[in-house]
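Work through these exercises with the sequence and the 3D view side by side. Try each task before you read its solution.

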Amino acid sequence: ARDYVAWFNVGWVQWQQNDLSEAEEAFYQSARLSAAEPAFQSYALQHLAHIKYLRGQYEAAYDTGIRALNL
């Protein structure tokens with residue numbers, strides 16, 4: 001449950017299956033758990049921002065993208 005790479009991969013699979021809600025949760029967990037790895041956390045946040053954008057959450061997508069860039 002604490003493996004951020006596994007969460008990232010779950011997010012990717014869910015995205016490919018067009019389950020954006022589950023993908024969002026998985027990328028969120030990946031970003032949260034990878035705080036000690038800023039490069040990976042940035043990558044997870046980029047994907048999370050994209051999913052939020054696809055779900056019409058434009059302000060949250062922008063905020064998440066800015067967080068990724070700041071890393």
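**Exercise 1.** Leaving aside neighbours within four places in sequence, which residues is Q14 in contact with?

*Solution.* Note that this is a predicted model. Start by placing the residue: Q14 sits in helix α1, which covers residues 4-16. Next, set aside its neighbours within four places in sequence; Q14 is then in contact with D19, E22 and A23.

**Exercise 2.** Decide whether Q14 and V13 are buried, partly exposed or exposed.

*Solution.* Step one: recall the cut-offs. Buried means under 20% relative accessible area, and exposed means over 50%. Step two: take Q14. Its relative accessibility is 18%, so Q14 counts as buried. Step three: take V13, which also lies in helix α1. Its relative accessible area is 41%, so V13 is partly exposed.

**Exercise 3.** How far apart are V13 and A23 in sequence and in space?

*Solution.* Along the chain, 10 residues separate V13 and A23. In space, their C-alpha atoms are 7.7 Å apart.

**Exercise 4.** Classify the aromatic pair formed by W12 and W15.

*Solution.* Begin with the total: the count comes to seven aromatic pairs. Planes over 60 degrees apart count as edge-to-face. Now look at the helix. W12 and W15 are three residues apart in helix α1, so about one helical turn separates them. Then check accessibility. W12 is partly exposed at 39%, whereas W15 is buried at 17%. Finally, widen the view: W12 and W15 belong to one aromatic cluster with Y4, F8, F27, F40 and Y43.

**Exercise 5.** Describe the surroundings of L48.

*Solution.* First, locate L48: it is found in helix α3. Second, check its accessibility. The value is 3%, so L48 counts as buried. Third, list its contacts. Not counting residues up to four places away in sequence, L48 touches E24, F27, Y28 and T64. Last, compare sequence with space. L48 and E25 are 23 residues apart in sequence, with 8.5 Å between their C-alpha atoms.

Key
Residues are numbered from 1 along each chain as its sequence is written. This is a predicted model: local features need pLDDT of at least 70, side-chain atom pairs count only at pLDDT 80 or more; totals for chains, interfaces and linings use all residues. Side-chain values use heavy atoms; hydrogens and water are left out. Helices (H or I, at least four residues) and strands (E, at least two) are DSSP runs, numbered from the N terminus. Buried means under 20% relative accessible area, exposed over 50%, partly exposed in between (1.4 Å probe, protein chains only). Contact means heavy atoms within 4.5 Å. Rings of Phe, Tyr and Trp (its six-membered ring) pair if their centres lie within 6.5 Å; planes under 30 degrees apart count as stacked, over 60 as edge-to-face and the rest as tilted.
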